[in-house]
Amino acid sequence: MFLTRFRLNTARHGSRRLLSSPQAMHAAVMSSFPGVLPTTAPAADAPRTLWRLDERARAEVILYLVSPDRPDLTHLVEQAGWPAVATPDDPGWQTRPYQPFLDRLTAGQHWAFRLTANPVHTIRRKEGEPRKLTAHLTHRHQMGWLLDEERQKRAGFRIAEKPAGRRTLPGGTTHKGHPHHGDRYELSLNDTRSLSFSKSRPGGGNRSRVTLVTATFEGRLEITDPDLLRRTLTHGIGRARAYGCGLLTLAPAPKPARQEAR
Amino acid sequence: MSTSPTSVLALLLAGPLQAWGAASRFSRRTTESAPTKSGVIGLLAAAAGIARDDDAALAVLAALRFGVRIDQPGTRIRDFHKAMHPVTGKTMPLTERFYLADAVFVAAVEGDHALLERLDAALRSPVYPPFLGRRSCPPATRVDLGLHRDAVLEDVLRTVAWQASPWYRRRHHHPETGQLTVLREKQPGEDTPADTLCDQPLSYSPAQRRHALRSVVTDRVRPPRESAHHDPFDAFSEDDDL
């Protein structure tokens with residue numbers, strides 16, 4: 001497995017095209033692997049290529065990529081990077097082997113994490129109707145989706161809880177009695193987006209629209225099952241993994257916000 | 001100048017309206033462009049449950065060194081204020097009230113660690129609820145922003161993350177030109193040009209409020225970057241490469 005980072009040059013036309021359509025980005029990402037033909041069906045339950053866009057500022061857009069094979073992003077550098085400064089040593093992206101890091105994960109470790117996901121559930125609006133896939137739209141439901149006990153257990157981690165001294169709500173719930181996940185857990189929802197883009201059909205037929213709600217979670221987690229977490233990191237979480245969702249990344253946990261020592 | 005290590009308590013003062021009067025009298029109630037020491041010490045005293053006429057307890061808080069950083073200056077707005085007395089139905093005096101709309105400040109007080117620890121706890125379960133300079137201006141978010149042990153006021157105001165709204169940070173994010181104003185109390189023995197402001201609280205007694213003059217030094221600092229930095233490459237060690 002490999003982890004790759006590529007910074008987009010947002011001043012370029014090619015970046016606008018990629019940033020405006022997750023489908024175009026998906027195609028560009030998949031074109032980075034010479035071994036993967038569009039006709040190759042991936043083996044069932046094999047690690048897959050996951051990607052995510054981190055946009056911290058208008059001109060600071062980073063594409064992260066986790067993939068079974070080492071990618072070649074030359075075409076991305078040419079379309080949406082800085083091709084003139086690329087050298088053989090620094091081609092414009094950085095790739096590092098992921099396995100040594102994955103091997104170091106053990107139960108009980110704390111990590112800061114970031115995840116862009118597509119939180120959905122199925123509902124039946126009236127009796128006898130087939131269940132219908134529906135996005136979670138409010139922060140409470142989106143956080144609830146990630147905090148779901150079963151989901152966390154399957155993924156091999158637990159979202160860390162805040163110490164009592166850092167919580168604002170003494171009773172643990174809002175005045176209407178709802179649980180407040182952001183007060184109880186080390187979890188924040190920094191970006192929610194509704195994406196809508198057209199998807200071209202093979203053969204140039206009718207274009208259909210894809211709509212998608214994404215939520216970007218940040219926080220701290222504790223590893224409960226390293227094997228399951230390794231699987232989560234390489235297989236992704238939830239739906240819409242072709243469209244930039246489901247890639248979980250870990251980073252060294254920063255010191256808690258309420259720092260006592262200097 | 002005290003030699004024992006001091007701590008710093010940081011506060012986040014953000015709300016739709018704030019009003020920090022230092023010199024206003026009668027029917028024209030003005031506001032300074034940044035929180036006053038008397039306003040912030042009053043907020044802490046209220047949270048700790050100190051009575052308005054308890055000047056001895058106030059003196060302990062008023063001895064804390066105070067500084068404030070203007071993270072988002074906000075807009076000064078004027079309110080032509082007309083009211084009837086709820087009981088007698090008489091018209092109250094017409095007043096002009098000035099507010100800062102949509103402003104964000106980081107205030108900090110420096111002093112004894114045990115005292116600041118008590119105040120930090122008091123802010124999380126206040127005896128009297130905090131307000132931003134005028135009773136009608138509630139804070140929009142939690143006020144306490146962390147207690148820094150063995151810290152210096154200037155360092156904390158330089159390092160606490162920029163608290164302005166996302167839209168404001170996007171619009172004013174030039175790292176070279178954008179600077180934040182810090183108004184801080186002079187250090188004892190420091191020889192820097194300073195302004196004076198009459199907001200050193202001596203008494204909040206309803207019968208007679210009294211304030212003394214205070215020296216205020218103006219500094220400029222770079223907006224500190226957000227701490228929400230997340231780079232998965234940080235988790236790799238040097239020998240992870242092929």
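This is a predicted model: local features need pLDDT of at least 70, side-chain atom pairs count only at pLDDT 80 or more; totals for chains, interfaces and linings use all residues.
Residues are numbered from 1 along each chain as its sequence is written, and chains are lettered from A in the order in which they are written. Local features need pLDDT of at least 70, while totals for chains, interfaces and linings use all residues.

**View 1. Helices and strands of chain B.** Chain B holds five helices and nine strands, which are DSSP runs (helices: H or I, at least four residues; strands: E, at least two) numbered from the N terminus. Along the sequence their order is β-β-α-α-β-β-β-α-β-α-α-β-β-β.

View 2. Of the 242 residues in chain B, 45% are buried, meaning under 20% relative accessible area with a 1.4 Å probe, protein chains only. Contacts are heavy atoms within 4.5 Å; among those between residues at least 6 apart in sequence, 77% join residues at least 24 apart.

**View 3. The second largest pocket.** A pocket is an open set of points on a 1 Å grid over the protein atoms alone, where a 1.4 Å probe fits, with protein on both sides within 12 Å along at least five of seven lines. The volume, the space filled by probe spheres set on the points, is about 1,200 Å³ for the second largest pocket.

**View 4. Lining of the second largest pocket.** Lining residues have an atom within 4 Å of a point, and this pocket has 34 of them. B:Arg52, B:Phe131, B:Gly133, B:Tyr204 and B:Arg209 lie nearest its centre. Helix H1 (37-48), strand S8 (195-203) and strand S9 (210-221) of chain B each give two or more residues to the lining. H1(B) gives the most, with six residues.

Note on methods: Side-chain values use heavy atoms; hydrogens and water are left out. Buried means under 20% relative accessible area, exposed over 50%, partly exposed in between (1.4 Å probe, protein chains only).
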